[in-house]
Amino acid sequence: MIIITKLHFRPKEFLHKNLFSTKVDIFSFGVVLFEIATGLKAHDKTKKNPFLYDQMSKIDETSVESIKRVIDQTTPNDSACYNLCELMIYLGKKCCDHNPNYRPDMTSVLKALETFVPIIVTESK
């Protein structure tokens, strides 16, 4: 099997030990959640710490000020947008846990997102 991917979306257990599981995909999804919430790229070689998941691991998701500092500045300044970004950062941190055993499964992540943004189901014709 050949896997082509950008390294900044992959956890260390994959990069160093070539261990692959659904937890690797969960980690990648967490990085995407960080990108959406912050408006930042997963990798920025101009920063001292270029990987977004490492930067976000230092954020206190329980601190309003910490969350406000990292949210994309183009995000509308209202409570609904703030709450969604807060949820994405919280879930992103869970998905990017350094220990793959502590990462949630995708069903749990989807259920958490659905509580905030219900999925619209359309009937096929």
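View 1. At a relative accessibility of 17%, Leu87 counts as buried, where buried means under 20% relative accessible area, exposed over 50% and partly exposed in between, with a 1.4 Å probe and protein chains only. The model is a predicted one, in which local features need pLDDT of at least 70 and side-chain atom pairs count only at pLDDT 80 or more, while totals for chains, interfaces and linings use all residues. Residues are numbered from 1 along each chain as its sequence is written, and side-chain values use heavy atoms, with hydrogens and water left out. Leu87 is found in helix H5, and helices (H or I, at least four residues) and strands (E, at least two) are DSSP runs numbered from the N terminus. Apart from its neighbours within four places in sequence, Leu87 is in contact with Ala112, Leu113 and Phe116, contact meaning heavy atoms within 4.5 Å. Leu87 and Glu61 are 26 residues apart along the chain, and their C-alpha atoms are separated by 8.9 Å.

**View 2. Helix H5 beside helix H6.** H5 and H6 (residues 106-116) pack at an angle of about 175 degrees, and their axes are 11 Å apart; axes are lines fitted to C-alpha atoms, for helices over the stretch in contact, and angles run from 0 to 180 degrees between N-to-C directions. The two helices, H5 and H6, are therefore roughly antiparallel to each other, since angles under 35 degrees count as roughly parallel, over 145 as roughly antiparallel, 65 to 115 as roughly perpendicular and the rest as oblique. On the H5 side, Ala80, Asn83, Leu84, Leu87, Leu91 and Cys95 take part, and they meet Val109, Ala112, Leu113 and Phe116 in H6. Sorted by class, this contact of H5 with H6 has 9 nonpolar, 1 polar and no charged residues, with Ala, Val, Leu, Ile, Met, Phe, Trp, Tyr, Cys and Pro counted as nonpolar, Asp, Glu, Lys and Arg as charged, and the others, Gly among them, as polar.

**View 3. Helix H2 beside helix H5.** Helix H2 (residues 22-38) packs with H5 at an angle of about 150 degrees, the axes being 8 Å apart, and that makes H2 roughly antiparallel to H5. H2 passes H5 in a left-handed crossing, a term used if the near helix is turned anticlockwise from the far one by less than a right angle, whereas clockwise would be right-handed. Among the residues that make the contact are Ile26, Phe27 and Gly30 of H2, and Cys85, Met88 and Lys93 of H5. The residues in this contact of H2 with H5 divide into 11 nonpolar, 2 polar and 1 charged.

**View 4. The salt bridge of Lys93 and Glu61.** A search of the whole structure finds 1 salt bridge, defined as a side-chain nitrogen of Lys or Arg within 4 Å of a carboxyl oxygen of Asp or Glu. In this salt bridge the side chains of Lys93 and Glu61 meet at 3.1 Å, N to O. Lys93 lies in helix H5 (residues 79-95) and Glu61 in the loop between helix H3 (52-57) and helix H4 (64-70), so the pair ties together parts that are 32 residues apart in sequence. Lys93 is buried, with a relative accessible area of 19%.

**View 5. Ser66 in helix H4.** Ser66, which lies in helix H4, counts as buried at 10% relative accessibility. Leaving aside its neighbours within four places in sequence, Ser66 is in contact with Ile59 and Asp60.
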